Amino acid sequence: MSSIKVKMSLMYALVLLLPALAFGQTVNLKPYNLTATAMFLQTDTDLSGDIDRPELDASFRDYDTDRNGRVSRTEYMTYLSIHTPSLAALHDALFDIYDVDNDHILDHHDYDNFFGLMDGNGDGFVSHFEYVRYWTILLQDLEHLHLDN
């Protein structure tokens, strides 16, 4: 199957998740590899098959409501509580992971660190494989925060 067909199939899968997200219902992130692929497709805005640093930066812009180039914990959590309230504990833990200096602000050096963690081979691009691998492991590690047991 061509990469365009795969991307279209996965986009349809993401569309199926949107009603649950829109109405704040519990969201099942399993299987994690498909969730990560949907996230990758949303972030890979130029559809190149890789995420570069500007695309990562753009993925955080929606959270920066005061447009000062920095995302506070309040901005981040407020934005996500509107879109996925059932995942608040997961989002809070993710903020802590992103915030490498623990200053409750996400800025350039935090994004550098996050990008470096995903870019397994250090080539300056995060491939689909690298992204899915990173997020699958992370979601498994944090599943106690987003699964209803």
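R53 is buried in the predicted model, with a relative accessible area of 16%, which places R53 under the 20% cut-off for burial. The residue belongs to helix α3, which spans residues 53-61. Beyond four places in sequence, R53 touches H108, Y111, D112 and F115. With H108, the side chain of R53 also forms a polar contact of 3.3 Å.

The C-alpha atoms of V100 and Y111 are 9.2 Å apart, with a separation of 11 residues in sequence. V100 is located in the loop that links α5 to β3, the latter comprising residues 105-106. A relative accessibility of 41% makes V100 partly exposed, because this class lies between the limits of 20% and 50%. When neighbours within four places in sequence are set aside, the contacts of V100 are H109, D110 and N113.

The largest nonpolar core contains 32 residues, and within this core Y76 and W135 touch the most other members. At least two core residues are supplied by each of α2 (32-43), α3, α4 (73-83), α5 (88-98), α6 (108-118) and α7 (128-141). Helix α7 provides the largest share, with six residues. Contacts of Y76 beyond four places in sequence are made with Y63, V71, H91, L94, F95, Y98 and L106.

Helices α6 and α7 were examined as a pair. Their axes approach within 8 Å and cross at roughly 100°. The two helices are therefore roughly perpendicular to each other, since angles of 65 to 115 degrees fall in that class. On the α6 side, the contacting residues are F114, L117 and M118, which meet E130, Y131, Y134 and W135 of α7.

The mean pLDDT is 84, and 80% of the residues reach 70 or more. Strand β4 (residues 126-127) has the highest confidence, at 98, whereas helix α1 (residues 3-22) has the lowest, at a mean of 43. Over residues 4-24 pLDDT stays under 50, and the model has 18 contacts beyond four places in sequence for this stretch.

Note on methods
Residues are numbered from 1 along each chain as its sequence is written. Side-chain values use heavy atoms; hydrogens and water are left out. Helices (H or I, at least four residues) and strands (E, at least two) are DSSP runs, numbered from the N terminus. Buried means under 20% relative accessible area, exposed over 50%, partly exposed in between (1.4 Å probe, protein chains only). A polar contact is a pair of N or O atoms within 3.5 Å; within protein, one must be able to donate a hydrogen and the other to accept it, and residues adjacent in sequence count only if both atoms are side-chain atoms. Contact means heavy atoms within 4.5 Å. A nonpolar core is a set of buried Ala, Val, Leu, Ile, Met, Phe, Trp, Tyr and Cys residues joined through side-chain atoms within 4.5 Å. pLDDT is the predictor's confidence in each residue, from 0 to 100. Axes are lines fitted to C-alpha atoms, for helices over the stretch in contact, and angles run from 0 to 180 degrees between N-to-C directions. Angles under 35 degrees count as roughly parallel, over 145 as roughly antiparallel, 65 to 115 as roughly perpendicular and the rest as oblique.
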